[in-house]
Amino acid sequence: MPATVENAAADSDKHSSDTTAVVFHDDHVFSAGGDGKVKVWTTDLRLVKELTPHEGYIYAMAVDSKGQLYTSSCDGTIKCLTNPLTSDTCKELLKCNDEIECLFVDPKDNLYSGDDKGIITMWIDQRIKYKFNVVEQVRSMAIQNNIIYSIRDNDLTVTEIIEGSASGRFMTKASIPGRYPVRLCGGCTEDGVYDNVAILTRDGLGIAMIRNSKKEQYPVIWTKENAHSMIINAMVAKDEYLYTAGYGGIMKQWSELNTKEPKLSGEIVLGSSGVCINAVAIGADKTHVYAGCSDGTVQLVKFV
């Protein structure tokens, strides 16, 4: 099915380098860039305000249910914009010499950060609670209850935090070949358990869908080789849809995720062939996707 670009950020408002992260919260879109800036947009991508939490490249961004926005940068810091809609207040949570390339906020509003040394840090009330060493650099992660899914270029590591452990003990439950990013997807129970986990194949061109079952030891239920002809950089999911995007400005919508092979439901090319999509986020409607691109723009794509 066709997809259309509904809105795009004005050239005068876009980031001065790559748009590196995009999130949607409370009827607003937040984008982060290689220019160290965070921009706040309306749902139709009119610029509301601009903040500068970092002096350098922003790697990752995450938002909690209160609207607090967390960012990490090549400057070795994690910052918290406590109310980016109404205030410029910026709190520094951490300053270190490591590359913190990944942030995730769980349904309980706990923050997790992952670095290039393979350390995942769990934060509760903006204070460090536990640290877990998963050995390999953390480029992407997802957390579900006491399970951490982390990945770089070669394997998805499934780590179980031992419940009731005061010291944060953990066990590795599975290792599955693949490449970042990782996303929880499909249906979700009241306990916050998703049906599936999606990752990329090691070459970055395909998608692997994993049944999210500890009892079954996380089996791969299908692999879609060459889902894209160029490397996939970004992925996001909601309900029955999975979206993938990357080099060449190509974004695709996939459905029928629980069958033997997914269905390609729609696709679009954003801008020229030289544009790369670095980040994607789903809006208020699960067929509306915001894309952050290498030309500094944010674009709203509507799938039919």
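Biologist: Where is the place of Gln126?

Modeller: Gln126 sits in the loop between β12 and β13, where strands (E, at least two residues) and helices (H or I, at least four) are DSSP runs numbered from the N terminus. Before going further, note that this is a predicted model, in which local features need pLDDT of at least 70 and side-chain atom pairs count only at pLDDT 80 or more, while totals for chains, interfaces and linings use all residues. Residues are numbered from 1 along each chain as its sequence is written, and side-chain values use heavy atoms, with hydrogens and water left out.

Biologist: Is Asp125 buried or exposed, and is Gln126 buried or exposed?

Modeller: The terms rest on relative accessible area, with buried under 20%, exposed over 50% and partly exposed in between (1.4 Å probe, protein chains only). Asp125 counts as exposed because its relative accessibility is 71%, whereas Gln126, with a relative accessible area of 16%, is buried.

Biologist: Which residues does a cis peptide bond join?

Modeller: The cis bond joins Tyr180 and Pro181, with omega about 5°, and Pro181 belongs to strand β18 (residues 179–188).

Biologist: In what order do the strands from β10 to β13 form their open sheet?

Modeller: Strands count as paired if DSSP finds at least two bridges between them. Here four strands form an open sheet in the order β10-β11-β12-β13, with antiparallel pairing. The edges are β10 (100–105) and β13 (127–133), each of which pairs on one side only. From one strand to the next the twist averages 20°, where the axes are lines fitted to C-alpha atoms (for helices over the stretch in contact) and angles run from 0 to 180 degrees between N-to-C directions. Five bridges join β10 to the antiparallel strand β11 (residues 111–115), and in β11 the bridge partner of Cys102 is Gly114.

Biologist: What does the side chain of Lys224 make a polar contact with?

Modeller: A polar contact is a pair of N or O atoms within 3.5 Å; within protein, one must be able to donate a hydrogen and the other to accept it, and residues adjacent in sequence count only if both atoms are side-chain atoms. The side chain of Lys224 makes such a contact, at 2.9 Å, with the side chain of Glu261. Lys224 lies in strand β21 (residues 220–224). Leaving aside neighbours within four places in sequence, Lys224 is in contact (heavy atoms within 4.5 Å) with Gly206, Ile207, Trp254, Glu261 and Pro262.

Biologist: Which side chain does a polar contact of 2.8 Å join to that of Thr244?

Modeller: The partner is His228. Thr244 has its place in strand β23 (residues 241–246), and Thr244 counts as buried because its relative accessibility is 0%. Not counting residues up to four places away in sequence, Thr244 touches several others, including Ile207, Ile232, Met251 and Trp254.

Biologist: How many aromatic pairs does a search of the whole structure find?

Modeller: Rings of Phe, Tyr and Trp (its six-membered ring) pair if their centres lie within 6.5 Å, and planes under 30 degrees apart count as stacked, over 60 as edge-to-face and the rest as tilted. The search of the whole structure finds seven such pairs. One of them is the tilted pair of Tyr241 and Tyr243, at 6.2 Å centre to centre and 45° between the planes. Tyr241 counts as buried at 16% relative accessibility, and Tyr243 counts as buried at 0%. Tyr130, Phe132 and Phe170 form one aromatic cluster.
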